[in-house]
Amino acid sequence: MRPFSYQPGKKFGGGRALKTPPGAMNKTEAERSRELESLKAAGEIIGWWFEPFRLRLAEDNAFYTVDFMVVRPDGTIELEEVKGHWEEAALVRIKVAASLYPFSFVALKKRTKKDGGGWERREFKNLDDSVELGTR
């Protein structure tokens with residue numbers, strides 16, 4: 001067994017399996033962490049933390065785990081969600097979190113090399129600042 005491989009428990013009933021276990025970075029998150037470390041070395045940010053905490057979104061067991069917390073030199077705290085692609089459920093979670101908590105939420109989507117690389121950035125300061133989702 002590889003050191004960081006993940007095997008679902010015996011009670012796992014199917015559905016979408018986790019590709020990385022909690023606390024371990026996927027490739028996209030690892031790339032972002034290297035960029036954040038470079039920004040820290042250059043003095044553009046004070047510090048960053050990976051999965052520092054979870055936010056409760058509803059009274060039931062609905063939580064949002066923050067990918068990265070970034071502290072800017074002016075003391076501003078940004079909570080970043082890093083994705084290779086966005087699914088509607090992930091957008092809903094970040095929008096709900098932004099409507100409940102006094103942080104600046106940033107959604108980063110990895111751009112392909114064909115599209116110039118880097119990150120597509122969307123900021124959510126509260127639910128009113130976000131783009132409306134289509135209804136099904």
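Rings of Phe, Tyr and Trp (for Trp, its six-membered ring) count as an aromatic pair if their centres lie within 6.5 Å; planes under 30 degrees apart are called stacked, planes over 60 degrees apart edge-to-face, and the rest tilted. By this rule the structure holds five aromatic pairs. The model is a predicted one, in which local features need pLDDT of at least 70 and side-chain atom pairs count only at pLDDT 80 or more, while totals for chains, interfaces and linings use all residues. Residues are numbered from 1 along each chain as its sequence is written, and side-chain values use heavy atoms, with hydrogens and water left out.

## Overall layout

The protein has two helices and seven strands. Helices (H or I, at least four residues) and strands (E, at least two) are DSSP runs, numbered from the N terminus. Along the sequence these elements follow the pattern α-β-β-β-β-β-α-β-β.

Of the 136 residues, 31% count as buried. Buried means under 20% relative accessible area, exposed means over 50%, and partly exposed lies in between (1.4 Å probe, protein chains only). The protein exposes about 9300 Å², and carbon and sulfur atoms supply 52% of this area. Accessible areas come from the Shrake-Rupley method with a 1.4 Å probe; for residues, only the protein chains shown count as cover.

A contact means heavy atoms within 4.5 Å. Among contacts between residues at least 6 apart in sequence, 48% join residues at least 24 apart.

## Aromatic pairs

A pair of aromatic rings is described by the distance of the centres and the angle of the planes. Two of the pairs are set out below.

| Pair | Centre to centre | Angle between planes | Class |
|---|---|---|---|
| Phe53 and Phe103 | 6.3 Å | 35° | tilted |
| Tyr64 and Phe105 | 6.1 Å | 55° | tilted |

Which parts of the chain does the pair of Phe53 and Phe103 tie together? Phe53 lies in the loop between strand 1 (47-50) and strand 2 (54-56), and Phe103 in the loop between helix 2 (88-100) and strand 6 (104-110), so the pair links parts that are 50 residues apart in sequence. Phe53 counts as partly exposed because its relative accessibility is 27%. Phe103, at 24% relative accessibility, also counts as partly exposed.

In the other pair, Tyr64 lies in strand 3 (residues 63-65) and Phe105 in strand 6, so parts 41 residues apart in sequence are tied together. Both Tyr64 and Phe105 are buried. Phe53, Tyr64, Phe103 and Phe105 form one aromatic cluster.

## Nonpolar cores

In soluble globular proteins, nonpolar side chains tend to be buried together. A nonpolar core is here a set of buried Ala, Val, Leu, Ile, Met, Phe, Trp, Tyr and Cys residues joined through side-chain atoms within 4.5 Å. The largest core has 15 residues, of which Leu55, Tyr64, Leu79, Ile94, Ala97, Phe105 and Phe124 touch the most other members. Helix 2 and strand 6 each supply at least two residues of this core, and the largest share, five residues, comes from helix 2. A second, separate core of 10 residues includes Ile45, Trp48, Leu108 and Trp119.

Is Glu81 buried or exposed? Its relative accessibility is 6%, so Glu81 counts as buried. Glu81 lies in strand 5 (residues 77-83). The side chain of Glu81 makes a polar contact of 3.0 Å with the side chain of Tyr64. A polar contact is a pair of N or O atoms within 3.5 Å; within protein, one must be able to donate a hydrogen and the other to accept it, and residues adjacent in sequence count only if both atoms are side-chain atoms. Leaving aside neighbours within four places in sequence, the residues in contact with Glu81 include Tyr64, Trp86, Ile94 and Leu108.

## Lys110 and a charge over a ring

Lys110 lies in strand 6 and counts as partly exposed because its relative accessibility is 23%. The charged end of Lys110 sits over the ring of Trp119, 5.1 Å from its centre. A charge sits over a ring if NZ of Lys or CZ of Arg is within 6 Å of the ring centre and within 35 degrees of the ring normal. The side chains of Lys110 and Glu31 are joined by a polar contact of 2.7 Å. Apart from neighbours within four places in sequence, Lys110 is in contact with Thr28, Glu31, Lys83, Gly84, Gly118 and Trp119.
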